[in-house]
Amino acid sequence: MPELPEVEALKDFLTGHLVGHEIVRVLPAAVSVLKTYDPPLTALEGRRITAVHRHGKFLDLATGDGPHLVTHLARAGWLHWKDRLPDGPPRPGKGPLALRVALETGEGFDLTEAGTQKRLAVYVVDDPRQVPGVAWLGPDPLADDFDEARFAALLAGERRRLKGALRDQGLIAGVGNAYSDEILHAARMSPFKLASSLTPEETHTLYEALRTTLTEAVERSRGLAAGRLKAEKKSGLRVHGRTGEPCPVCGDLVREVSFSDSSLQYCPTCQTGGKPLADRRMSRLLK
């Protein structure tokens, strides 16, 4: 799933390629992708894009005093830039294509989604805050006003485990499964540690890991073309998606805990005092 660093890089890429250009066509190829009906998609046509914003994991294309095109790429969605779009409209229901946006230059982009779980979402709204997922977002962890005191206040009384708290978009916007693993590895903390149990020193360590991990990921992705961002994300991860590989810090093997529809990765030596965490799904299978 694209997370804050990749969506931030997409925002920068699209700012350079879209701002000042006119949308001439918005062509849906999958009916399920569009989550709003008023304003219609056609309300975007003939308008110039004036800015591209990011709200957590949401991309927001603004058209001045016109509507916004807001997109959430979900787990398997992606944006593909085209220097020249194919002639003719896309064929609905054929392949992973979900939506096409064409500019007056003949350039544009496709939104695609792989797999069978269709969660990619597109909204046409007068105000991004009309999108439910945007309206309840927590603060952006890279914002200038997101200081350590604010972070500590968010965690105070938080009874969930750190892994779940970091992934909660209503608590902190933009962090998902991959970067929560990376942040906790950098902080040398167990993903199962209770957020409310952190000492002031641990809160400071986690705050620094959060900001540093995300900032470094954004810098690695900055300036890359949209098509290269997935590979850059994967190459920069230390533990996430690297089960069975040696930890780059201590050399211990990276372990995994599986859930119903996802998994987390961690280093026992760095994060749990050398003790492997119980894989609850595997434990149930072995009973």
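The largest pocket in this predicted model has a volume of about 900 Å³. Its lining is made up of 33 residues, and those closest to the pocket centre are Met 1, Pro 2, Lys 57, Ala 74 and Arg 75. The second largest pocket holds about 220 Å³ of space.

**Largest pocket: contributing elements**

- Two strands, S5 (77-82) and S8 (121-125), each supply at least two residues of the lining of the largest pocket.
- Two helices, H5 (177-187) and H7 (229-236), also supply at least two lining residues each.
- H7 gives the most to this lining, with three residues.

- The lining of the largest pocket divides into 13 nonpolar, eleven charged and nine polar residues.

**Second largest pocket: contributing elements**

- The elements that give two or more residues to the lining of the second largest pocket are H5 and helix H6 (200-221).
- H6 accounts for the largest share of this lining, with six residues.

**Second largest pocket: residues**

- Tyr 179, Glu 182, His 185 and Ala 186 are among the residues that line the second largest pocket.
- The lining also includes Ala 209, Thr 212, Thr 213, Glu 216, Ala 217 and Arg 220.
- Gly 236 and Arg 238 are lining residues of the second largest pocket as well.

Terms used. Residues are numbered from 1 along each chain as its sequence is written. This is a predicted model: local features need pLDDT of at least 70, side-chain atom pairs count only at pLDDT 80 or more; totals for chains, interfaces and linings use all residues. Side-chain values use heavy atoms; hydrogens and water are left out. On a 1 Å grid over the protein atoms alone, a cavity is a set of points where a 1.4 Å probe fits but cannot get out, and a pocket is an open set with protein on both sides within 12 Å along at least five of seven lines; lining residues have an atom within 4 Å of a point. Grid points are joined across faces, edges and corners, and a volume is the space filled by probe spheres set on the points. Helices (H or I, at least four residues) and strands (E, at least two) are DSSP runs, numbered from the N terminus. Ala, Val, Leu, Ile, Met, Phe, Trp, Tyr, Cys and Pro count as nonpolar, Asp, Glu, Lys and Arg as charged, and the others, Gly among them, as polar.
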